[in-house]
There are 4 protein chains.
Amino acid sequence: MHSVKPIGKREQTKLNNRESILNAAREVFAELGYGATTVRDIIRKTGLASGTFYNYYKSKEEVFEALMDDGMRRIRPRLKADRIRSRNFEEFIRNAFRTYFDYLASDRMTFQIIRRNPASLRVRMDTPEMIAGFEEIREYIEEDIRDGNVPPVDSEYLMAAVVGIAMEIGDRMIKRPELNATEAADFATTLVLHGFHALPIKTDAQQK
Amino acid sequence: MHSVKPIGKREQTKLNNRESILNAAREVFAELGYGATTVRDIIRKTGLASGTFYNYYKSKEEVFEALMDDGMRRIRPRLKADRIRSRNFEEFIRNAFRTYFDYLASDRMTFQIIRRNPASLRVRMDTPEMIAGFEEIREYIEEDIRDGNVPPVDSEYLMAAVVGIAMEIGDRMIKRPELNATEAADFATTLVLHGFHALPIKTDAQQK
Amino acid sequence: MHSVKPIGKREQTKLNNRESILNAAREVFAELGYGATTVRDIIRKTGLASGTFYNYYKSKEEVFEALMDDGMRRIRPRLKADRIRSRNFEEFIRNAFRTYFDYLASDRMTFQIIRRNPASLRVRMDTPEMIAGFEEIREYIEEDIRDGNVPPVDSEYLMAAVVGIAMEIGDRMIKRPELNATEAADFATTLVLHGFHALPIKTDAQQK
Amino acid sequence: MHSVKPIGKREQTKLNNRESILNAAREVFAELGYGATTVRDIIRKTGLASGTFYNYYKSKEEVFEALMDDGMRRIRPRLKADRIRSRNFEEFIRNAFRTYFDYLASDRMTFQIIRRNPASLRVRMDTPEMIAGFEEIREYIEEDIRDGNVPPVDSEYLMAAVVGIAMEIGDRMIKRPELNATEAADFATTLVLHGFHALPIKTDAQQK
DNA sequence: CATGAATGAGCATTCATTCAT
DNA sequence: AATGAATGAATGCTCATTCAT
């Protein structure tokens, strides 16, 4: 077996540069917050020449979008897998929350962009990839409605609720001293499936 | 009968200026998005001299914070009233969602700040007032736990879920052609109280 | 008698700054040529802060235009005076050329912008003021046509010819070791009035 | 029979590239104006790689010069022919103007470089070729002075006047709705030969 | 307390040019 | 000879902020 697609030195450099910029951006965003970050900050951390940056992205917005899309792109296949291996809506919701909180815990750094900011300004970008991800969830819901597994509810609102819960709980989760994705997923799942009075009881160990 | 609290001409001017700045800011933020707005833009719309601005606020962050706090300050008393007149947790949740979605519908403009942005960048600022508002909700929950009205669940996560649901559903609501705060409140309430299978059935009239 | 319009310190500064910028620009343009000059070069020579420049002009084009207009504005009244005191077209042409070449000789510097450039790039800006000046000449011609002093010729072309002659001869004049505006004016006038065979004979003294 | 000067494939490519660059430059200059045009713009329109450009010219100045020279080089032989076939100075002047205005009408595009510019900045480059062309005219004049056909006038000024008339009238000509090189040539010729009162009368057809 | 011009640090961006491939 | 990504100096310009009036 041999390398199917040999990569020239030029191609390699380009790949590396793109990667460098993304990494630098991730760090700077996490450090300074999105609003305070300037293109120059990213370039500085990159070590590349300023002109080079513009061969890859043309604004910090574009880098940020790439970063967000990157995250979403990693999640969506898992979400699709969740969907396939779940036997019913309950299971899908459970798996999806689990997937999301696990991912969050592992890539904590990217998502801390949100924090740090002096005035704690939170930023979220609805990139095409993210919107597509949300829509996918919505479609799953509609499929289940069609199949009679879910009552004919407002699928957009249900999706929104799921997303909102994931975001806010996820946000609190990564601020806690020790990350417990399972706990967060259980909480979110139960709430969506059965409402607050079915929520897991908090044992002493979980109190701070 | 006389004016209980006579206001000097100077005081009045100060009040007016503060108000002008806030209004100008609200409009500019809604128009340009938070990120793209500069202090200059706000000043320009104000008609005041640039130096004057700094007698009131010292950055766009501060104005934005004031704007957000303003909203929160208007909501919190209502939330407290909701709390008082509610006989149980269920009622409180219902009233709180209702209050929030009604407010959102009435002050749609301020909240559209979030939108508009070319790259659809969403900005949210966790001002002290907002955090306090969230904490208040959390305390209500804990009170109810202590009183045995609510099982001893993770109050922070429950609060986060409620907030997340309110935000995301609220967000979708104001994007819909006709605003229906009742519908949104019913949806959110039922989800939190009994889970998704109890959600209101979508009638034909609601489908597009 | 007293100063009718006392000028505050602020006004004075503004006047001075405008003047400084214009002077700096004139020098830099003369030194580097129009094309090679950058706004920063002008600012540098000015000594003012960079932002200050933009309070007065918003590009080098605008400064250049101001400079050109400035020259034209100084000439036009004299041209009008020439017109008034001339008893016929011949006299007007003679006086006008004379006025122009005199001005050129006195303000040689501004017009040397044109020169110096490595590739000897010549630049001319048709500012509104200049166009107006040309049109004025044209109108004088048309007036004379109406009055029967000049045959009904193509006034635009005649104006163009006069302008072209003035420019090119003027250009050669300021490059000569010693400026002789009278000689240039005589030459141009005779050519326009009677054609080349009536041109003044060049004496030995004038040959180089 | 065989090709007298066989051209290798390499030579052909080089010729093509040179041609491409010149054509691209002509278009870009006409579109953007000289000042606003960058080497990049030219390269982009060319389709060649940026490095390739530098194998042929080393700046936009050089390309512009080549472009101007190109025009001059096409005119000069015709001017020389005019000279030869003219029996006297009058005829030469007439033919020369005619040649120039015809050329202008046919290559209108190149000369519109001058126009277009937002601030109506007019650019003229005195390339060696152009200077040589002007000098040639001057030499013809001096020859005629030596031969006694023309009185001993200031040949530089006369040449300058002819050039100035050609330029300014030419400029107006190409701005007119329908190009009439004959009319322009007649006008210019008569002015130089006999002065303004001999100028062709403008018939009604020519008035707008 | 209002005013608004001056300030200059700092930013985004472009661009001519080089040079390894 | 052609290519096109990398380079980094340099530019135009904005902006928050100050402070004399």
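View 1. Over all chains the structure, a predicted model, holds 78 salt bridges, where a salt bridge is a side-chain nitrogen of Lys or Arg within 4 Å of a carboxyl oxygen of Asp or Glu. One of them joins Asp82(A) to Arg85(A), with the closest N and O atoms 3.0 Å apart. Both Asp82(A) and Arg85(A) belong to helix 4 (residues 60-85) of chain A, where they are three residues apart, about one turn of the helix; helices (H or I, at least four residues) and strands (E, at least two) are DSSP runs, numbered from the N terminus. Because this is a predicted model, local features need pLDDT of at least 70 and side-chain atom pairs count only at pLDDT 80 or more, whereas totals for chains, interfaces and linings use all residues; side-chain values use heavy atoms, with hydrogens and water left out. Residues are numbered from 1 along each chain as its sequence is written, and chains are lettered from A, with ligands numbered from 1, in the order in which they are written.

**View 2. The annotated segment of chain A.**

**View 3. The interface of chain B and chain A.** Here 48 residues of chain B are in contact (heavy atoms within 4.5 Å) with 47 residues of chain A. About 4,600 Å² is buried between chain B and chain A, with carbon and sulfur atoms giving 62% of that area; buried area is the accessible area (1.4 Å probe) that two parts lose on being put together, summed over both. In chain B, the residues that lose the most area to chain A are Tyr157(B), Arg172(B) and Phe196(B), together 17% of what that side buries.

**View 4. Polar and charged pairs between chain B and chain A.** The rule finds five salt bridges across this interface, and in a salt bridge the side chains of Glu156(B) and Arg176(A) meet at 2.6 Å, N to O. Seven residue pairs, both residues at pLDDT 80 or more, are in polar contact between chain B and chain A; a polar contact is a pair of N or O atoms within 3.5 Å, where within protein one must be able to donate a hydrogen and the other to accept it, and residues adjacent in sequence count only if both atoms are side-chain atoms. Among the elements that give two or more residues to the side of chain B that touches chain A are helix 5 (89-106) and helix 7 (128-146) of chain B, while helix 8 of chain B provides the largest share, 14 residues.

**View 5. Strand 1 of chain A beside strand 1 of chain B.** Strand 1 (residues 121-125) of chain A and strand 1 of chain B run antiparallel and are joined by five bridges, two strands being paired if DSSP finds at least two bridges between them. Val123(A) has Val123(B) as its bridge partner in strand 1 of chain B.

**View 6. The interface of chain D and chain C.** The contact takes 48 residues from chain D and 48 residues from chain C, and about 4,600 Å² is buried between the two chains, 62% of it on carbon and sulfur atoms. Across this interface the rule finds eight salt bridges, and Glu156(C) forms a salt bridge with Arg176(D), the closest N and O atoms lying 2.6 Å apart. Strand 1 (residues 121-125) of chain C runs antiparallel to strand 1 of chain D, joined by five bridges, and the bridge partner of Leu121(C) is Met125(D).
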